[in-house]
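Let's walk through this structure together, one region at a time. Keep the sequence and the 3D view side by side as you read.

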Amino acid sequence: MYACIKNNPVFFCFIMLKYHHKIYESEVFDLQSTDIHSFKGGIHPPYNKERTQNVAAKVAQEPNVVTIPMSLHIGAPCKPVVKKGDSVFLGQKIGEATGFVSAPIHASVSGTVKAVAQYPHPNGNNVMSVVIESDGKNTVDPEIKPYGDFNNYSSKEIIDIIKNAGIVGMGGATFPTHVKLSIPPDKKVDCVILNGAECEPYLTADYHLMKLRPEKVVQGLRIAMRAVGVQKGFIGIEDNKPDAIEKIQSAILPDEAIEVVILKTKYPQGAEKQLIMAVTGREVPSGGLPADAGAVVMNVGTAAQVATTFETGMPLYKRFLTCTGDAVKDACTMEVKVGVPLQEVIDQCGGFANDPGKIIMGGPMMGVAQFSTNVPVMKGTSGILCLTKASAEIPEPSACIRCGHCANVCPIHLQPLYMAAYAQHQRWEKCEEFHILDCIECGSCAFSCPAKRTLVSSIRVGKRQVQALRKQRAVKNK
């Protein structure tokens, strides 16, 4: 099983960047009285954001055809509510949520449904999808209307609006936002935190969004705060984004209980648990959720979409993403509609400058390697990373030298060398004993390993087996 997952073209991919022992210092936001917040552990990979950081973001060309999977989020896939031959409007619901942890899906163009069938998905499977041929008009569903002032709505009404708009986490995890905002009665939450860290190398989608639409980011935070019923909001941004910090700060009213928290540039600063620790000093308990530490965490892109939905009534059907890497000709950040093939986005960046060795959806640390460029852009597609064979090469691993680097950099304070070793020897109980399920799969351990061990691949196998073991126990105990 280990070999099968390790060799799968869509297995979890981290890239051992060529100069991975060099520490890259961040550009610190120049404000003497500012405290820089962070967490213990983490790494400083080369960030490689230069190609797109100072290049203006653009709007992608209108697609002729979109293929929209009925699984654009974590949780239950949607059920198609259109059929071949139907005419659809932009923003019309085409997929109905089938569970609480699910979110409806909407058309990203107006036009004609050409197929409702199984199509390749970025996860490597074939998934039920709706193919729409655009009529080029982008005629908006006439039933869509602006919602107006969010203060006129109750918490439940706000959450229902967010649910009906199909809004999910846009940082990559795609967890349905209405579920995140539905706080259980036994949890006490006192703040909402927006993640503007964008700590993954290469990616600048959130950075450009914060510069271009700071008012929407802040407005989305206000709406989320009302939905959760809290008075305090934070926006965490790494200190290598001084212009984004300035833009966001200028969008906050003087008397608001919203604070920009400047974070140290370090990976994985944007992970939920690390962000909560850096911003509030609180630790999410083992096996716990952010609500157990009194916080709700959202991506800045998610917040901006919430604000857009209230302002226009439009659901989530497009997003900012970064197309970059040394294999692409003209790297840039652009706003792209859901369902557009990756190849179409790459072509709008001038195509390939060099033969690609690996195409990754997301960033190099936690992204997923793709088997084809004909899979569609998803709600959580933060980047399309095109690497040459030289950049994507994973060095041959050697024996563990017990140096402890992996344990020192682990942001969850685990012992990756033991978890990986027990997973490779199929000792699942020992994996569980070493809290393998707490691993966030950030790749810091593998990045820092001088022996170049494929630690995360092994840990992922171990996590799946421990989860299966727990399910077996639950069935036996019934």
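Cys439 is buried, at a relative accessible area of 14%; here buried means under 20% relative accessible area, exposed over 50% and partly exposed in between, with a 1.4 Å probe and protein chains only. This is a predicted model, in which local features need pLDDT of at least 70 and side-chain atom pairs count only at pLDDT 80 or more, while totals for chains, interfaces and linings use all residues. Residues are numbered from 1 along each chain as its sequence is written, and side-chain values use heavy atoms, with hydrogens and water left out.

A disulfide is counted when a pair of cysteine sulfur atoms lies within 2.5 Å, and a search of the whole structure turns up zero disulfides. Cys400 is likewise in no disulfide, the nearest cysteine sulfur being that of Cys449, 6.5 Å away. On a 1 Å grid over the protein atoms alone, a cavity is a set of points where a 1.4 Å probe fits but cannot get out, and its lining residues have an atom within 4 Å of a point. Of the 16 residues that line the largest cavity, Cys410, Pro416, Cys439, Cys442 and Cys445 lie nearest its centre. Helix H13 (416-424), helix H15 (444-448) and helix H16 (455-476) each supply at least two residues of this lining; helices (H or I, at least four residues) and strands (E, at least two) are DSSP runs numbered from the N terminus. The lining divides into 13 nonpolar residues, two polar and one charged, where Ala, Val, Leu, Ile, Met, Phe, Trp, Tyr, Cys and Pro count as nonpolar, Asp, Glu, Lys and Arg as charged, and the others, Gly among them, as polar.

Now turn to the nonpolar cores. In soluble globular proteins, nonpolar side chains tend to be buried together. A nonpolar core here is a set of buried Ala, Val, Leu, Ile, Met, Phe, Trp, Tyr and Cys residues joined through side-chain atoms within 4.5 Å. The largest has 48 residues, and Leu181, Val192, Leu194, Ile235, Ile248, Met298 and Phe310 touch the most other members. Helix H6 (residues 214-228) gives the most to this core, with eight residues. Apart from it lies another core, of 36 residues, among them Cys323, Val338, Leu342 and Met361.

Not counting residues up to four places away in sequence, Val192 touches Leu221, Ala224, Met225, Val228, Val230, Lys232, Gly233, Phe234 and Val296, with contact meaning heavy atoms within 4.5 Å.

Two helices come next. Helix H5 (residues 205-212) is largely enclosed by the rest of the structure, because six of its eight residues are buried. Those six are Ala205, Asp206, Tyr207, His208, Leu209 and Met210. In helix H8 (272-280), the buried residues are Gln274, Leu275, Ile276, Ala278 and Val279. They pack against S9, strand S10 (232-238), S11 and strand S12 (295-299). After H8 comes Gly281, with a positive phi near 80°.

The loops hold some backbone features to look for. Between strand S11 (258-263) and H8 lies the loop with Pro268, which is joined to Tyr267 by a cis peptide bond with omega about 0°. Thr174, in the loop between helix H3 (155-164) and helix H4 (177-181), has a phi near 55°, a positive value in a residue other than glycine. Thr174 is buried, with a relative accessible area of 11%. Glu198 also has a positive phi, near 45°, and sits in the loop between strand S9 (191-195) and H5. Its relative accessible area is 8%, so Glu198 is buried.

Finally, here are two residues whose contacts reach across the sequence. Gln348 is in helix H10 (residues 342-348) and counts as buried, at 15% relative accessibility. Leaving aside neighbours within four places in sequence, Gln348 is in contact with Lys58, Ala60, Gln61 and Met334. Val116, in strand S7 (residues 111-120), counts as partly exposed at 28% relative accessibility. Val116 and Pro80 are 36 residues apart in sequence, yet 7.7 Å apart in space, C-alpha to C-alpha. With neighbours within four places set aside, the contacts of Val116 are Pro80, Val82, Lys83, Lys84, Met128, Ser129 and Val130.

Conventions:
On a 1 Å grid over the protein atoms alone, a cavity is a set of points where a 1.4 Å probe fits but cannot get out, and a pocket is an open set with protein on both sides within 12 Å along at least five of seven lines; lining residues have an atom within 4 Å of a point.
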